[in-house]
Amino acid sequence: MNEQKKQVHDFWNKNSCGEELYLDSKSVEGFKKEQKIRYELEPYILPFLNIGSLKDKKVLEIGVGLGADHHQLSMLGGQMFGIDLTERAIKNTKTRFEKLNINSKLIVADAEKLPFKNEYFDYIYSWGVLHHSPNTQTAINELHRVLKKGGKSRIMIYHKYSLVGIMLWFRYALLKLKPLLNLSYIYSNYLESPGTKAYTINESKIMFNKFKSVDIKIELSQGDLLTDDVGQRHKGLILKVAKMIWPTFLVKKLFKNYGLFMLISVEK
């Protein structure tokens with residue numbers, strides 16, 4: 001593991017996404033509470049991942065995190081596989097599945113080097129993961145390799161021109177009298193794990209150009225709406241004040257194309 005990937009691993013191995021904020025215990029009740037909060041904050045996840053029955057299909061999730069989405073995928077009836085770069089995420093998801101009596105083959109693995117045969121999966125899902133990989137294009141190429149012809153995938157990666165990006169630029173560039181810092185630098189250094197990236201719609205279309213079809217939709221995240229924290233690193237007075245004065249209704253109406261989440265549906 002090179003140094004850049006180790007930094008990503010170490011960041012997420014301290015806490016899986018949402019673990020510190022929403023998981024108060026690793027009990028059935030704790031996992032159910034975390035799941036409830038997750039889908040209240042991000043109601044678009046469930047319709048995005050659900051493509052109908054996956055009975056007799058092989059399903060892979062890249063980046064299982066706390067396992068909430070992996071649980072939802074398992075309910076579609078497929079043969080479940082899940083990977084994560086961190087030992088913590090695999091342990092958390094295994095604990096969740098053991099308590100809920102659900103089966104999945106869960107392993108620590110690198111999205112840039114998937115340990116599976118060519119054209120092995122019918123459906124691949126990944127939410128907010130591939131933009132953290134040092135070489136996102138390599139991870140996408142690997143996803144394409146292991147997806148069967150005619151197989152479908154649902155992926156969320158970060159959208160560059162988002163309100164989250166603008167807020168972070170305001171805080172870490174403009175207020176620090178460094179207005180020439182660009183959004184790529186801001187995402188890489190201040191959003192989440194070191195090296196985090198965000199892409200334009202056109203850049204994403206190029207990255208996914210090996211697929212037969214690509215559909216992209218922009219979604220306002222809880223960070224854009226300030227119904228939650230902006231990533232795992234940002235707390236304090238500025239954020240508290242911003243939450244109190246943020247015009248959520250107007251944001252939803254006027255800035256719906258400036259969301260952080262880019263929901264990508266592809267078919268091979």
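Predicted model: local features only at pLDDT ≥ 70, side-chain atom pairs only at ≥ 80, totals over all residues.
1. Residues are numbered from 1 along each chain as its sequence is written, and side-chain values use heavy atoms, with hydrogens and water left out.

2. The protein chain contains 13 helices and 7 strands; these are DSSP runs numbered from the N terminus, helices being H or I of at least four residues and strands E of at least two. Its radius of gyration is 18 Å, close to the 18 Å that the globule rule gives for 268 residues, so the chain is as compact as a globular protein of that length. The radius is taken over C-alpha atoms, and the rule is 2.2 Å times the number of residues to the power 0.38.

3. Of the 268 residues in the protein chain, 53% are buried (under 20% relative accessible area; exposed is over 50%, partly exposed in between; 1.4 Å probe, protein chains only).

4. Ser204 belongs to helix 10, residues 201-207. Ser204 is buried, with a relative accessible area of 0%. Leaving aside neighbours within four places in sequence, Ser204 is in contact (heavy atoms within 4.5 Å) with Ile157, Tyr199, Ile216, Met262 and Ile264.
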